[in-house]
Amino acid sequence: MAPSIAPEHFRQVLGQYPTGVVVVTALDSAEQPVGMTVGSFVSVSLDPPLVAFLPARKSSSWAALRAASDNFCINILGSDQEQICRAVASRKTNKFDGIGWQKSAQGNPVLDGSVAWIDCTVDTIHEAGDHHIVVGEVQDLGVSHNGYPLLFFRSGYGSFMPASMAAGDADLLDQLQYLDLIRPRMEELAQRFSSEVTAVALVRDELVLAASAGRPSLIDLPTRVGARTPFAPPLGSVFAAFGEDSIRERWLSQIPEQMPESVTAALREMPARVQERGYSIILGHERAAAMEIAFTRHSDGDSSVSTEDVIAAMGAVAPDTNPADEDPAGTKELRSLTAPVFGPDGRLLFELILWGPQEPIGHTDICDRAAALRETAALASADLADSLPRAAR
Ligand SMILES: Cc1cc2nc3c(=O)[nH]c(=O)nc-3n(C[C@H](O)[C@H](O)[C@H](O)COP(=O)(O)O)c2cc1C
């Protein structure tokens with residue numbers, strides 16, 4: 001005989017497990033959207049591609065979905081879509097009023113602003129206690145934008161934050177509020193060059209990758225949000241160029257003594273050069289990738305990468321960073337372009353990085369990208385200035 005477990009206890013214990021939130025949608029015979037909010041969505045099988053969700057047997061929304069169609073679409077909600085989650089979970093009629101959507105190839109509603117969508121046909125429906133297990137065969141799927149998904153935990157809603165960011169970074173939390181405001185600009189730039197745009201914040205003595213937009217254009221790029229690298233030359237030259245004097249001094253003091261004199265001299269001149277030009281540039285993939293990987297491993301505590309290894313990798317990239325003489329002939333590997341974004345008080349908040357393409361490109365193309373990045377960074381700074389009520393400035 002099954003043990004008797006109090007429903008409240010069951011809910012309380014199972015509530016310790018967080019879930020994402022999806023809205024399952026279909027169109028009824030009158031072409032009206034029907035659907036339900038579901039936390040019990042799961043990926044099931046890759047070959048064949050199957051997913052599943054678990055509706056309550058008595059759910060009227062599930063009955064409506066079943067009556068409407070043999071197809072359904074899973075919409076993974078974004079962290080800014082709590083209202084949609086609540087509206088669809090309600091027992092109201094017309095609960096899709098005011099929610100924008102487009103019809104998928106299968107004829108299901110794909111909700112505007114959802115992070116990703118998965119179009120399915122019903123494969124099997126299993127009985128499981130007071131729920132059904134609905135297995136869907138995936139027909140088509142896609143990511144709409146790379147914002148964070150909505151999360152549900154202990155009856156509350158939230159968003160994902162990497163552990164390395166949640167570690168009491170009050171400064172960074174402040175800056176993250178501003179990031180939401182400039183994200184559309186980052187997305188636009190990333191889309192224009194089919195590339196990735198990242199925003200990096202300076203938190204104490206580390207550079208923290210605070211946000212990313214678009215898709216990685218480089219195969220060897222460890223750009224996971226939350227990654228930290230030391231604030232040391234040649235990385236972070238935009239902070240050294242546009243930050244306060246004390247920041248520049250701190251950056252320069254990180255040039256290791258073992259660095260060859262010619263490299264040290266070039267690094268000392270770098271902040272002025274970046275300031276004059278308005279952006280920073282790194283050319284060449286191989287050495288830059290080796291440095292990024294060395295930094296990341298070292299800061300993750302990988303003992304196979306010594307401090308000396310990191311210094312050597314930094315030294316190798318210094319000549320590729322903001323080279324003094326730019327030869328406009330031929331093509332070059334563009335690793336990254338970086339420009340400053342200023343906060344409402346005029347202080348440097350982030351550096352915005354536009355990552356280059358894998359294949360070499362010409363001088364004009366590099367200049368176009370640099371101009372577009374600078375324009376985006378300037379517009380983002382203007383957006384942030386406008387975000388502050390005048391009285392507070
Ligand atoms: C975050 C969240 C997750 C939910 N997950 C499920 C689920 O996995 N299965 C389910 O049957 N109902 C789930 N619900 C409840 C339904 O969305 C909806 O509230 C309920 O089905 C309403 O009853 P009705 O379908 O009879 O209208 C969830 C609700 C919320 C807010």
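Biologist: In which helix do Arg11 and Glu8 both lie?

Modeller: This is a predicted model, in which local features need pLDDT of at least 70 and side-chain atom pairs count only at pLDDT 80 or more, whereas totals for chains, interfaces and linings use all residues. Residues are numbered from 1 along each chain as its sequence is written, and side-chain values use heavy atoms, with hydrogens and water left out. Helices (DSSP runs of H or I, at least four residues) and strands (runs of E, at least two) are numbered from the N terminus. Arg11 and Glu8 are 3 residues apart, about one turn of the helix, and both lie in helix 1.

Biologist: How far apart are the closest N and O atoms of Arg11 and Glu8?

Modeller: Arg11 and Glu8 are both exposed, where exposed is over 50% relative accessible area, buried under 20% and partly exposed in between (1.4 Å probe, protein chains only). A salt bridge is a side-chain nitrogen of Lys or Arg within 4 Å of a carboxyl oxygen of Asp or Glu. Arg11 forms one with Glu8, and the closest N and O atoms are 2.9 Å apart.

Biologist: Is Asp320 buried or exposed?

Modeller: The side chain of Asp320 meets that of Arg287 in a salt bridge (2.9 Å, N to O). This pair links distant parts of the chain, with Asp320 in the loop between helix 10 and strand 17 and Arg287 in helix 9, 33 residues apart. Arg287 is partly exposed at 45%, whereas Asp320, because its relative accessibility is 12%, counts as buried.
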